[in-house]
Amino acid sequence: MGDKKRINLALQGGGAHGAFTWGVLDVLLQDPDIEIAGISGTSAGAMNGAALKSGLLEGGPEAARANLESLWGQLGAVTEPGLEAWMAGIGPGPGFVSRALENSWPFMAADMAQRMMTPYVYGPFYAHPLRQVADQFHYEKVCDDNGPQLFICATNVRTGKARVFTGSEINTDVLLASACLPTMFQAVEIDDAKTGRREAFWDGGYTGNPALWPLYRPDLPSDVVIVNINPLERNTLPVTPQQIANRVNEISFNASMMSELRAVGFVRRLIEQGVLERGQFREVNVHMIADDKLMNELTVATKSTPVPYVMARMKAAGQAAAQGFLDAHKDDLNKRGTVDLAETYG
């Protein structure tokens, strides 16, 4: 066994498509050479990050894998390996299921209702549907100073700025705030020690999906592995209202990350050209685990509507993508980045 490869994880949000990230983490946790030092998560990425960290502190990688399986089981995923394999063998592709769901009358009716109504119409009868899931995390472990450093991003509605919560700040409301799409959920209100007032928060994806800058701390490794579940490119033109809204969300949810990575690439070019001295700025090695082909086949419908079969297939796709990344780039970790920043984000 070689030296440990210390990495930071940047986990994107994307609703039920976060099952892809579950698959990625499942593979990384089984590699004894990988050490996860920092985690930045937004929305589904925040849920995955909390499950991952608490599990690692409770019982190591196997406990973390069990936590993730429990989380996604509660969110509707198939967790029985035999049943998963059986469904994969007889079912249509996840893209077909996603398109069929998007074009179904129940989904179109629900989508239209979201455009015409606000989640505030429920008044005192409103209850966040994810609260019961988020309440079950062991926050004494999630907030522990030991283990990977965990950073959760939400968007301050009043200021429009990103708010990154860490350490003892993290609780059920913070996770719900990070995953709060304002057309689906009421804003989550939190007493914020940074501003000294009660603030309302929306989904962190608007300002950091995920936030990368907390991972640039000097006590964390230089390698940032982004688990990307919002495709950077779509080759087909969106034409339906659902497709247009979905692509607008993908672009806006990727925008902050792309801006950060353009800055990382700019600094790296200045260092390579000798304009900046090495050591003057942090040199970040950027890596990415993604399956844009699969994500291009899926639609917004399977983000907001958990389909057990699709989530099982997404987990399997995440496992395959992570194993492919390790096979191709494990030796590059802690040495060099594997993403062409100028080509990808320039």
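Which residue forms a salt bridge with Arg 163? In this predicted model, the partner is Asp 192, and the closest N and O atoms of the two residues are 2.7 Å apart. Arg 163 belongs to strand β4 (residues 162-166) and Asp 192 to strand β5 (residues 188-192), so the bridge ties together parts that are 29 residues apart in sequence. Both ends of this bridge fall under the 20% limit for a buried residue: Arg 163 is buried with a relative accessible area of 6%, and Asp 192 is buried with a relative accessible area of 4%.

In one of them, the side chains of Lys 330 and Asp 31 meet at 2.9 Å, N to O. Lys 330 sits in the loop between α13 (308-329) and α14 (341-345), while Asp 31 sits in the loop between α1 and β2 (34-41), so this bridge ties together parts that are 299 residues apart in sequence. Lys 330 and Asp 31 are both buried.

A further salt bridge joins the side chains of Asp 173 and Arg 131, again with an N to O distance of 2.9 Å. Here the link runs between helix α9 (residues 172-178), which holds Asp 173, and helix α7 (residues 131-134), which holds Arg 131; these distant parts of the chain are 42 residues apart. Asp 173 is partly exposed, with a relative accessible area of 24%, and Arg 131 is also partly exposed, at 34%.

Attention now turns to a pair of helices. The axes of helix α1 (residues 19-29) and helix α3 (residues 61-74) come within 10 Å and cross at roughly 165 degrees. Angles over 145 degrees count as roughly antiparallel, and α1 and α3 are therefore roughly antiparallel to each other. Their crossing is left-handed. On the α1 side, the contact involves Ala 19, Trp 22, Leu 25, Asp 26 and Leu 29, which meet Pro 61, Ala 64, Arg 65, Leu 68, Glu 69 and Trp 72 of α3. By class, eight of these contact residues are nonpolar, three are charged and none is polar.

The two themes come together at Asp 26 and Arg 65, which are among the residues in the contact between α1 and α3. Together with Glu 62, Asp 26 and Arg 65 are linked in a network of salt bridges.

Key
Residues numbered from 1 in each chain as written. Predicted model: local features only at pLDDT ≥ 70, side-chain atom pairs only at ≥ 80, totals over all residues. Heavy atoms only, no water. Axes fitted to C-alpha atoms, helices over the stretch in contact; angles between N-to-C directions. Helix = DSSP H or I, 4+ residues; strand = E, 2+ residues; numbered from the N terminus. Parallel < 35°, antiparallel > 145°, perpendicular 65-115°, else oblique. Left-handed = near helix turned anticlockwise from the far one by under 90°. Contact = heavy atoms within 4.5 Å. Nonpolar A, V, L, I, M, F, W, Y, C, P; charged D, E, K, R; others polar. Salt bridge = Lys/Arg side-chain N within 4 Å of Asp/Glu carboxyl O. Buried < 20%, exposed > 50% of the residue type's maximum accessible area, 1.4 Å probe, protein only.
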